Amino acid sequence: TDTVNYGTTISYTITPQTNSYHIDSVVVDGINQGVIENYTFEAVSDDHAIRAYFSINLYTISTNVSGNGTITPSGMIVVESNKDTTFTMTPETGYHIDSVIVDGMNVGTGTSYQFSNVTSNHSITAYFSIDQFTITASAGEHGMIDPSGGVIVNYGSSQTFTMTPETGYHIVDVLVDGNSVGALTSY
């Protein structure tokens with residue numbers, strides 16, 4: 001409440017809390033003036049009322065997924081100013097988190113990420129890649145295995161190996177993870 005002398009001019013500046021609130025509306029003598037930052041009463045000759053309404057700022061965090069997995073929560077997430085929100089990345093079976101990108105920057109391969117004291121819009125993208133395994137294939141003297149060496153195989157995929165003895169030789173045994181599977185020509 002301000003008291004002013006008859007005929008005096010008085011001005012008001014409407015200022016929301018920085019990065020947290022914005023002006024929703026200003027009501028002067030019961031009439032909504034909309035979103036204004038200043039109001040002046042000229043040559044005051046009567047009682048008046050001015051009331052400013054503020055609303056909390058809302059920010060959006062957009063989520064994206066590339067590959068086989070999920071990010072929770074997902075979609076366009078609305079967060080109030082200065083609040084925290086956490087996202088969880090979960091790969092499907094046979095996949096892993098390849099990278100998490102927040103606002104264009106790689107933040108690693110963690111399974112969760114927290115935005116703290118949100119005061120702007122953000123984005124988060126989780127990239128998932130299939131798990132890969134190496135099968136090391138080798139043959140003894142006088143024969144070969146195809147393919148040979150370190151063979152990379154995707155999760156859930158099959159890989160066939162063919163064993164061929166040199167002329168005049170035969171396959172005695174094939175070992176898979178140290179266990180005999182017999183004298184096979186392919187596995």
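Which residue stands opposite Asn64 in strand 13? Select Asn64 and look across: its opposite number in strand 13 is Thr125.

Before moving on, a word on the model. It is predicted, with local features needing pLDDT of at least 70 and side-chain atom pairs counting only at pLDDT 80 or more, while totals for chains, interfaces and linings use all residues. Residues are numbered from 1 along each chain as its sequence is written, and side-chain values use heavy atoms, with hydrogens and water left out.

**Stop 1**

Now select strand 6 (residues 58-66) and strand 13 (residues 122-130). These two run parallel and are joined by six bridges. (Strands are DSSP runs of E, at least two residues, numbered from the N terminus; two strands pair if DSSP finds at least two bridges between them.) Widen the view to the open sheet of five strands, ordered 8-6-13-10-11 with mixed pairing. Strand 8 (76-80) and strand 11 (105-106) are at its edges with a single partner strand each, so one side of each has no neighbour in the sheet.

Stay in strand 6 and pick Ser62. Ser62 counts as buried because its relative accessibility is 17%, where buried means under 20% relative accessible area with a 1.4 Å probe and protein chains only. Leaving aside residues up to four places away in sequence, Ser62 touches Gly75, Met76, His122, Ser123 and Ile124; contact here means heavy atoms within 4.5 Å.

**Stop 2: the three-stranded sheet**

Next, select strand 2 (residues 21-28), which runs antiparallel to strand 5 and is joined to it by seven bridges. Ser25 stands opposite Tyr53 in strand 5. The open sheet here has the order 3-2-5, with antiparallel pairing. Strand 3 (31-32) and strand 5 (50-56) form the edges, each with a single partner strand, so one side of each lacks a neighbour in the sheet.

**Stop 3**

Select Ser138, Ile145, Met163, Val174 and Leu175, the closest to the centre of the largest pocket among its 32 lining residues. A pocket is an open set of points on a 1 Å grid over the protein atoms alone, where a 1.4 Å probe fits, with protein on both sides within 12 Å along at least five of seven lines; lining residues have an atom within 4 Å of a point. This pocket holds about 740 Å³ of space, a volume being the space filled by probe spheres set on the points, joined across faces, edges and corners. Strand 14 gives the largest share of the lining, four residues.

Note on methods:
Buried < 20%, exposed > 50% of the residue type's maximum accessible area, 1.4 Å probe, protein only.
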